[in-house]
Amino acid sequence: MTEPIDTARNGVLQIASPLALTTAPSDAPSAAGAAALRISEARPSALWQLAGWEDFEAAAHPPLAALGFTDSGDYRRARQSGAIGLFRLAPDRLWLTADGPQADAAIEEACAGAAGPALAVLNLSHSRTRIAVEGDDAEALLARLAPIDFSPGAFPIEGFAQTGAHHISVLIHRPQEARFEILTPVTWARSLWEAICAAATPFGYETRREPAVKDMPV
Amino acid sequence: MSGRRLESGGRIDRAKPVTLRFDGRPISAFRGDTLASALLAQDERLVARSFKLHRPRGVFSAGAEEPNALVHLRAGGRHEPNARMTQIEAYEGLLASSQNAWPSLRADFGAVAGLASPALGAGFYYKTFMGPLRSTRFWMLCEAAIRRAAGMGRPPRDPDPDAYEKVNGFTDLLVVGGGPSGLAAALAAARAGAEVTLVEQDFALGGSLLSEPIGGAHDALLIPMRAELEAAPNVRILTRTTAFGAYESGVFGLIERLSDHHTAPPPGQPRQRYWVMRARQAVLAAGAIERPIGFAGNDRPGVMLAGAMRAYLHRFAVQVGAKIVLSGASDDLYEVAADLAASGAEVTLCDARAEAPQTLIDAMREAGVSHRLGWAVAKSQGAREIEGATLVAVDAEGRALGPMETVRCDAIGVSGGWTPAVHLWSQRFGKPIYDQARDAFLPRPVGRDQGIRAAGRMAGAETLAARLKSGAGASAAAVTALGLQPADIEDVVDSSPTPRFCETGAPGRLRWVVRTDGAPFGKSFVDLQHDVTLSDVDQAYREGYVSVEHLKRYTTTGMAADQGKTANMLALARMAWLRGATIPEAGTTTFRPPYTGVAIGALAGREVGRRLRPVRRTPLHDLHEREGAEMTEVGAWMRPWWYRASGADLVEAYVAEAAHVRDYVGMVDVSTLGKIAVQGPDAAEFLNRVYVNGWKSLAVGRLRYGVMLREDGFVMDDGATARLAEHEYFMSTTTAQAAKVLSMAEHLLQTAWADLKTHVTSVTDEWAAIAVAGPNARALLSSVCRGADLSRDALPNNHWTEATLSGAPIRLHRMSYSGELAYEIYVRSGYAQAVWSALRAAGAPFQLKAYGTEAMGALRIEKGHIAGAEIDGRTTLRDLGLERMASRRKPFVGGVLKNRDALFDPERPRLVGLRIRGEAGAQSGSLVFPKKGALEGHGDGWVSSVAYSKTLGGHIALALVARGPDRMGEEVRVVNFVGEQELSAEIVSPHFYDPDGTRQNG
């Protein structure tokens, strides 16, 4: 059964989810009768890319400092400043994610002021959605999706990696011990969702919609 | 009855009886049995027919090396051929049936092949069926019949109902093999604090220790080791798991059989798990495989490896015969003989050696074993099973020295020595090296530490104590390499039981028993699974196939499902003997994965059916399905092909949709176009280099069509690029080449053009795109767009502007792919459905209809626009009529090589249009021939794209034809040899529709 495609709610334009027809709450318990995993869409409210060249760190410093970051991150550990996440993708490129309107506005303001010949700013907020996998078996599930060592020693909290899952380029982040978040291109999202659910079948899982994004103070 | 289950003993659970079915007959067994042990316990000797000659065969071994006892397992979609009885666990309801036999195992029609066996030597098929007519067709005809008669089991015909999964594993130390040396290695590493993964193909840990008497000194060694490992939090034990492949960088392929010992997997659970294990260090302790001996009838049911007899005795409490003859040339046999005699069997031991330690001889006397020094089995007697053994005195080379003597027996145990299981090592490091003292191939030492170490029998350690030490030593080296302090397991090594007999590990050297001149007494099999005999090896030698690689392929020895685990050593030893060479001089072949067969389903994991590969959906996908679109695959994308509301079928619908666009207005989802953000101070320079045309003069607010080449000068892609800001461009590519263009751009920016301050980022997922085309397009968009003037003067062709539509910010690109007045709406993907719906809602007064990719293609063919069918990697700018686009004032990718003389050959096919005569349309790929002349060769060119044009009133096509532009108006033939179609056509300009661009610029 499919849900209606709702593009406008209460007169306010909504960002349509690529998973709208697949993330309806459901249960697929394991043979033991329990759903050990929760799979949900937890889309960031904004995603921005900052890119530069050999003087990237200097060019990125003002907007990052304005957002509360003390450095421009490293390639395996995410930084958090309130509701804003920082992922250093490459020596000359990073992503900022936001969870909530205040964070969105803060990033937009910081980036708008920084864009110029030394810093390329790109709004990618509609390009990715985020699939969250939560539960004691989340690590085992991830091992069935990507060729990465997800053990806590190798992939601690706030660890992230750019990798492939089901042949799709993704960024996997571990915000909590038993929670992983997978940033995936929206046009591939449904295929990835289906692959995750298939891999989760032996554990048992439930799908659910996360509540509206949290507006956390910056 | 000769084989029987003993009243006590064994590692079976007598409290858990189970009933299996073999060929429909119920077989009683216990949990802990294998199918092989269960059948032997009931004296079922004949269990299989051989591959080529359909000879009766019985269980030959007790492990993965089994060459004979292959069966069909389970039924329906779970049917599995070539399953080894020796590894199939007994469970209630197990279904197995014999293979390669019809109508039954005992009365097999195929056994008549045995009558012709003297003619079926090595190379028989090649000589008989390929030689006479020198015809491949004749050989293929014969091959079909041969394959039907031979073969190894029947493949499954129904879909597999079970799931398989693939898991990525990581470990500090991977230990392959759960025998004494593997257990010692794992235990030592576990005590040192390493994360250990221990892999054992059997369902129980212990390896050769499981073949020792239960409750004895060996159990006193095994049980505490196993308990400590099972309790260790840093040890992952994977039983029922085969390490089938070793690869670079410490990667190993493992197959874990999770549910093969059940009728079906539990709900939701996979049958098997494919581990891609990445190990920082590895210890390979894969053990050794006992060798057969070549004598006449050495394949008859009842002939078995001596070590297997002992395994069945102690592990499964099965005495395989009442009167047993053992033949070999090593101390190992004495322990087998003593144990079999103690179980009540009447045992004759033939030791081919001229001498043996007196302690062993005394022990045989005490055990009641009939003992013959310098004797061996020359022939087995019987039909479908052993009835006797013909013995003969032999010299050190196995040559008969005197008269024969036949004794009655029901089983013959053989031991030709042991072959270390070096497969994984060899897969990784190449051919093993021959060790003269041990008469065995051992792992070749590698110079630099590769993080892989061999241990135990695989590394040449013979005695139990030596194997334990070997495992501990390899583990200590691995642990040190991991940066940990090695741990002590002397307590374990010291508890190694004292050998009951000599256990000197002296290798057996009896390979065959033959006549004085070296000829076999009869069919003496080297490769039991592929029915290759000593005589076949001899024949290969006589015919010049003396290299082991040629020997392998000519005789097919070692090429069956068991990959010659029991055969290889015997075959190459025979060739070495024939050549008068040493074994190292004769050489050996290399091993390749897999060690044992792997189900394709396990390798595929969950990527089957609709998850075979990921599918890419546009942000409008759900709307298309709701609106009745027939979807089609375009690469990974799903795209609306045509709408059912437009017609009853594809042709009716697309013709109507295309005509509607010409008359009114239509919209189509073009979100699949590649979209790349090009940013930075050098973005214009970057575009100047990748496109053939110039970009530095493009003003903000404008867009331009561009073409790019590969380095070799051929056209790679085309598309429009808009300048959004001083340092920012929005590039679009074709759907097909999007990834390739981005990859090329990244490559150039990170290597050759690292000095350019430019970034490229895919924004294909960020932006959806909707093309709105037709005479009513401006009116429609003017009615729904806010904040923009869409008049011709304000927004002429090749310009863009920003606006809002239904509250969503959009960017309108004035450009046309159809040749009509057209716009492309770029909207952030999350708002695409809102924009599409708003257009739908506002479109009725303007006669708006959605159209699919087929109509879109027809429109561009009418206009003469090129697409993937024309940009096929073989065409140049000149071929496509685009040569005037190339700038002469700047360099660009492909700019040099596009000027090669060959690319200006006047005979090169060039783009033209074809007006097809008659009612039938042409097929893409059809060849173009002159009106007259023979239809030979590849003609003058080919048809690339076809459509029916309602607007033009007929079938049209784009084609690439030699000297095409010079042949306007010429009548040609369009021939589809596959579809047996021949049409007439007129060569015309490819710009069928509105060649002056009046409509698109209107």
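This is a predicted model: local features need pLDDT of at least 70, side-chain atom pairs count only at pLDDT 80 or more; totals for chains, interfaces and linings use all residues.
How are helices α21(B) and α22(B) oriented to each other?

1. Helix α21 (residues 777-784) of chain B packs against helix α22 (residues 832-843) of chain B with the axes 10 Å apart and at an angle of about 110 degrees. Because angles of 65 to 115 degrees count as roughly perpendicular, α21(B) and α22(B) are therefore roughly perpendicular to each other. The crossing in which α21(B) passes α22(B) is right-handed. On the side of α21(B) the contact is made by B:Leu780, B:Ser783 and B:Val784, while α22(B) brings B:Ala838, B:Leu839, B:Ala842 and B:Gly843. Sorted by class, the residues of this contact are five nonpolar and two polar, with no charged residue among them.

2. From α12(B), B:Leu534, B:Val537, B:Asp538 and B:Tyr541 meet B:Ala571, B:Arg574, B:Met575 and B:Leu578 of α14(B). The contact of α12(B) with α14(B) has six nonpolar and two charged residues, but no polar ones.

3. As to the overall make-up of the chains, chain B has 23 helices and 51 strands, and its C-alpha trace spans about 115 × 70 × 55 Å along the principal axes. Of the 1002 residues in chain B, 53% are buried. Among the contacts in chain B with a separation of 6 or more, 67% are accounted for by residues 24 or more positions apart. Chain A, for its part, has four helices and 14 strands, and buried residues make up 50% of its 218 residues. In chain A, residues 24 or more positions apart account for 65% of the contacts with a separation of 6 or more.

4. Where the two chains meet, 42 residues of chain A are in contact with 42 residues of chain B. On the side of chain A that touches chain B, β5 (46-51), β9 (120-123) and α4 (189-200) of chain A each supply at least two residues. The largest share of that side, seven residues, comes from α4(A). By class, the side of chain A that touches chain B has 26 nonpolar, eleven polar and five charged residues.

5. Turning to the sheets, chain B contains an open sheet of three strands in the order β21-β22-β23, with antiparallel pairing. Strands β21 (375-382) and β23 (400-408) of chain B stand at the edges, and since each has a single partner strand, one side of each is left without a neighbour in the sheet. From one strand to the next, the twist averages 25 degrees. Strand β22 (residues 386-394) of chain B runs antiparallel to β23(B) and is joined to β23(B) by six bridges; B:Val394 has B:Ala400 in β23(B) as its bridge partner.

6. Further along chain B, strand β50 (residues 971-976) pairs with strand β47 (residues 927-930) in the antiparallel sense over four bridges, and here B:Val928 stands opposite B:Val974 in β50(B). Strand β50(B) also pairs with strand β51 (residues 981-988) of chain B, again in the antiparallel sense, over six bridges, and B:Val972 stands opposite B:Ala985 in β51(B). The strands β50(B) and β51(B) form a hairpin with four residues between them, and B:Glu980 in the turn has a positive phi of about 50 degrees.

7. A last point concerns helix α19 (residues 683-690) of chain B, which is mostly covered, with six of its eight residues buried. The buried residues in α19(B) are B:Ala683, B:Ala684, B:Phe686, B:Leu687, B:Arg689 and B:Val690. What covers these residues of α19(B) includes strands β35 (674-679), β36 (703-709), β37 (715-725) and β38 (728-733) of chain B, together with helix α20 (738-750) of chain B.

Methods:
Residues are numbered from 1 along each chain as its sequence is written. Chains are lettered from A and ligands numbered from 1 in the order in which they are written. A residue is buried if 20 or more other C-beta atoms lie within 10 Å of its own, exposed if 12 or fewer, and partly exposed in between; C-beta atoms are placed from the backbone. Two residues are in contact if their C-beta atoms, placed from the backbone, lie within 7 Å. Ala, Val, Leu, Ile, Met, Phe, Trp, Tyr, Cys and Pro count as nonpolar, Asp, Glu, Lys and Arg as charged, and the others, Gly among them, as polar. Axes are lines fitted to C-alpha atoms, for helices over the stretch in contact, and angles run from 0 to 180 degrees between N-to-C directions. Angles under 35 degrees count as roughly parallel, over 145 as roughly antiparallel, 65 to 115 as roughly perpendicular and the rest as oblique. A crossing is left-handed if the near helix is turned anticlockwise from the far one by less than a right angle, and right-handed if clockwise. Two strands pair if DSSP finds at least two bridges between them.
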